[in-house]
Amino acid sequence: MAKTILFIEDESALQKTFGDILSKESYDMISALDGEIGLNLAKSKKPDLILLDLVLPKVHGFEVLKELKSDPGTKDIPIIVLTNLEAMEDVNKAIELGAKTYLVKTQYNLEEVVEKVKKALK
Amino acid sequence: MNIKKILNQLNVRAECRSYGLSLWQCPSFLFLIMGLVIIGSALIAYGLGTRFIEDPQTVALIVLILTAVLFVVSFTITRSFERLVEVNRMRSEFVKIVSHQLRSPITNLSWTIDILMSGQLGKVEEKQAEYFKILKENSSRMIGLVRDLLTVSRIEEGSLMIKREKISIELIIKKLISRFKPFALGSNVEIKLEAGENLPQVFVDAHQIEIVIENLFDNAVRYIKEKGEIKIKLEQRDKALYFEIKDTGVGIPKADQKFIFQKFFRSEKAIRQQTQGSGLGLFIAKSIIERFDGQIGFESEENKGSTFWFTLPIDQQYN
């Protein structure tokens with residue numbers, strides 16, 4: 001059965017790019033364009049991995065991360081934070097809240113991000 | 001205005017911190033110091049006045065006039081200073097917000113190009129690949145520029161985060177040589193590295209030092225117009241690690257040399273050569289090296305080339 005990735009990201013262009021590339025890698029991708037939808041989908045669909053942006057409408061990425069890590073149904077789902085925020089305090093906060101990895105978008109190309117996703121799913 | 005706001009305004013240290021300034025650059029602290037100077041001057045004037053002038057009313061008048069003049073002068077100076085600080089702060093804030101907002105669409109652009117170039121969505125013809133390469137290079141340039149603008153605004157705010165670890169500068173140099181080699185070969189430039197034996201590691205932020213060396217490398221390669229050479233030297237000198245990069249490029253005109261580490265400064269020669277550059281690289285390099293208690297400098301002769309160098313202290317505790 002194909003692994004499922006929940007992508008919580010408000011940029012629809014990135015949703016489309018990741019949707020295309022992850023389906024080529026035989027992953028099923030679920031999209032959430034804001035934090036609130038992201039939380040609901042994470043709890044209902046229980047994906048194998050969550051890719052989480054931080055600057056999100058409705059519920060901020062840190063709140064999403066905190067809630068997912070405190071909910072018994074979702075606390076074991078690995079979460080990769082994928083954001084443009086690169087301040088050390090944001091990195092430390094995300095790791096403290098339970099993020100598996102913190103990736104700053106502008107520091108990686110698409111292929112590198114996909115490799116990190118594959119590694120997290122092994 | 002409530003009590004809390006008044007107390008916050010009286011908390012000079014906190015106010016100066018909010019500007020990202022040291023005490024001696026902060027308008028509120030300077031106004032306080034000038035206040036003390038005014039009081040001191042008034043007391044001295046009174047003391048001297050009562051000693052040499054008989055009429056107490058004349059003494060009082062002199063002290064009053066002196067106090068008033070000093071007050072007006074200090075008020076004018078600190079107000080101008082305050083306006084300057086506020087303008088600088090707003091400019092930094094603007095750059096930070098805009099740079100951050102630009103990152104999202106630039107990332108979208110960059111990754112969309114990645115997926116198109118990958119061929120996963122269909123065969124890419126040779127001509128298409130050439131144009132995708134141009135798009136990718138330019139989106140990387142934009143990412144680099146936005147990164148530099150954000151770094152500069154963090155440096156000016158004093159909020160540039162550093163992560164110290166023991167690193168080998170030699171490894172960073174070798175990594176950058178591999179990265180620049182294709183470009184150098186294409187431009188007929190030879191790169192030579194001369195590194196000492198058993199060089200000590202330094203306790204700095206690897207990512208930031210890589211930015212410094214990359215900026216110096218970039219300048220060295222870019223300003224060699226025809227066949228040329230870049231020589232890199234790395235050695236220990238007393239209690240410091242010494243790095244030097246020497247090129248046979250266009251050099252920096254003498255008139256421009258004193259401005260070379262300023263933000264957004266680009267030598268007339270560089271602009272005439274139409275080389276790409278934001279004028280931020282050397283400002284960032286200097287700020288980073290000085291943050292690690294190092295020194296940075298250069299020598300240059302027009303049409304002969306430039307030598308840029310920096311030193312970093314070797315912390316004996318970590319070697």
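Me: In what sense do β6(B) and strand β7 (residues 305-313) of chain B pair, and over how many bridges?
Reply: This is a predicted model. In it, β6(B) is joined to β7(B), residues 305-313. One bridge there links E301(B) to G305(B) of β7(B). The pairing of β6(B) and β7(B) is antiparallel, and the number of bridges is 7.

Me: Which are the edge strands of the open sheet of chain B?
Reply: The sheet has 5 strands with mixed pairing, in the order β2-β4-β5-β7-β6. An edge strand here pairs on one side only. The two that do so are β2 (189-195) and β6 (295-301) of chain B.

Me: What is the average twist from one strand to the next, and which helix packs on the sheet?
Reply: From one strand to the next, the twist averages 10 degrees. The helix touches β2, β4 (228-237), β5 (240-247) and β7 of chain B, and its direction makes about 20 degrees with that of β5(B). The helix is α7 of chain B, residues 206-222.

Me: Are α4(B) and α5(B) roughly parallel or roughly antiparallel to each other?
Reply: Helix α4 (residues 56-117) and helix α5 (residues 126-157) of chain B have axes that come within 9 Å and cross at roughly 155 degrees. Angles over 145 degrees count as roughly antiparallel. The two helices, α4(B) and α5(B), are therefore roughly antiparallel.

Me: What is the handedness of the crossing of α4(B) and α5(B), and how many nonpolar residues does their contact have?
Reply: The crossing of α4(B) and α5(B) is left-handed. Their contact has 6 polar and 5 charged residues, and its nonpolar residues number 15.

Me: Are α2(A) and α3(A) roughly parallel or roughly antiparallel to each other?
Reply: Helix α2 (residues 35-45) and helix α3 (residues 61-70) of chain A pack at about 20 degrees, with axes 10 Å apart. Angles under 35 degrees count as roughly parallel. It follows that α2(A) and α3(A) are roughly parallel.

Me: Which residues of α3(A) make the contact with α2(A)?
Reply: The crossing of α2(A) and α3(A) is right-handed. From α2(A), the contact takes G35(A), G38(A), L39(A) and A42(A). By class the contact has 4 nonpolar, 3 polar and 2 charged residues. On the α3(A) side the residues are G61(A), E63(A), V64(A), E67(A) and L68(A).

Me: Which element gives the most to the side of chain A that touches chain B?
Reply: In the contact between the chains, 15 residues of chain A meet 15 of chain B. Two elements of chain A give two or more residues to its side, α1 (12-24) and α5 (110-121). With 6 residues, the element that gives the most is α1(A).

Conventions:
Residues are numbered from 1 along each chain as its sequence is written. Chains are lettered from A and ligands numbered from 1 in the order in which they are written. This is a predicted model: local features need pLDDT of at least 70, side-chain atom pairs count only at pLDDT 80 or more; totals for chains, interfaces and linings use all residues. Axes are lines fitted to C-alpha atoms, for helices over the stretch in contact, and angles run from 0 to 180 degrees between N-to-C directions. Helices (H or I, at least four residues) and strands (E, at least two) are DSSP runs, numbered from the N terminus. Angles under 35 degrees count as roughly parallel, over 145 as roughly antiparallel, 65 to 115 as roughly perpendicular and the rest as oblique. A crossing is left-handed if the near helix is turned anticlockwise from the far one by less than a right angle, and right-handed if clockwise. Ala, Val, Leu, Ile, Met, Phe, Trp, Tyr, Cys and Pro count as nonpolar, Asp, Glu, Lys and Arg as charged, and the others, Gly among them, as polar. Two residues are in contact if their C-beta atoms, placed from the backbone, lie within 7 Å. Two strands pair if DSSP finds at least two bridges between them.
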